[in-house]
Amino acid sequence: MNERRTTQPFGPFFPLIFTVAKWICRLLHPVTVQGLENLPRHGALLVANHASNWDPLVLATALPMDYRLRVMGKEELFRNPILAWVIRVGGAFPVNRGGADIQAVKTAIQTIQGGHNLLIFPEGTTIRNGIGKTDGLPAHAHSGAAVIGVRTGAILVPVFVDGEKRTFHRTRIIIGQPYTPVYTGRRGTAEEMQKIADELLREIYALGGQQVGGAPLCK
């Protein structure tokens, strides 16, 4: 379905939804945010690791309300009409993780080109301690975030979120410095896009003192 025919993001109920979500998150999962100074105000593509279903909510509500961050979320979250309305107003839009979702890519590109900001989880599923929750594979980056970033000229920003979400315990959010992709031509090759995605994922985990696969980085 064309997004123009669905609930539009950041409508009149957005301040209420954001405020309620923020207080719920602060109560259950308080956060410490580092690196806010690295965050561009417009045209940013935040690329984060994904360890919990709480991540999009915790991360979005850790930023100022007027940052208006859009989030690419798994389509399963949109099957309940009430939840779908709430998260659409909050800025989320669905993506089908099982194949090429042209509409989701178009929405992502329009978001960046419109000067807004976007959050993507390139691993495509929740990863705990470097192991995929659903498939048991090591953490792996899909190239979609790199493709969207290159096509739109977005400012790519790696973001690390603590993996373990213990109720009432503080979660670290670390925003890294913008990442400059290197590629040839106007859009680069498929191999270059995958390399950019892989490098971004390593940057993300390095912010938290980890490496892809869950082992700590040597100091």
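**Figure 1. Buried face of helix α5 in the predicted model.** Helix α5 spans residues 144-152, and its buried residues are Ala145, Ala146, Ile148, Gly149, Val150 and Thr152. These buried residues pack against the strands β2 (44-48), β3 (69-74), β5 (117-120) and β8 (155-161), as well as against the helices α4 (102-113) and α6 (190-207). After α5 comes Gly153, which has a positive phi near 70°.

**Figure 2. The largest nonpolar core.** This core comprises 29 residues, of which Leu45, Val47, Met72, Leu118, Ile120 and Ile196 touch the most other members. Two or more residues each are supplied by β2, β4 (92-95), α4, β5, α5, β8 and α6. The greatest contribution, seven residues, is that of α6. Another core, of 24 residues, lies apart from the largest one and includes Leu46, Val58, Leu59 and Ala84. In soluble globular proteins, nonpolar side chains tend to be buried together.

**Figure 3. Surroundings of Leu45.** Leaving aside residues up to four places away in sequence, Leu45 touches Ile112, Leu118 and Ile120, together with Ala145, Ile148 and Gly149. Leu45 also touches Ala154, Ile155, Leu156 and Val157.

**Figure 4. Phe10, a residue other than glycine with positive phi.** Phe10 is located in the segment before α1 (14-28), and its phi is near 60°. Phe10 counts as buried because its relative accessibility, 16%, is under 20%.

**Figure 5. Arg68, a residue other than glycine with positive phi.** Arg68 lies in the loop between α2 (55-61) and β3, with phi near 50°. At 32% relative accessibility, Arg68 counts as partly exposed.

Notes
Residues numbered from 1 in each chain as written. Predicted model: local features only at pLDDT ≥ 70, side-chain atom pairs only at ≥ 80, totals over all residues. Heavy atoms only, no water. Buried < 20%, exposed > 50% of the residue type's maximum accessible area, 1.4 Å probe, protein only. Helix = DSSP H or I, 4+ residues; strand = E, 2+ residues; numbered from the N terminus. Contact = heavy atoms within 4.5 Å. Core = buried A, V, L, I, M, F, W, Y, C linked by side-chain atoms within 4.5 Å.
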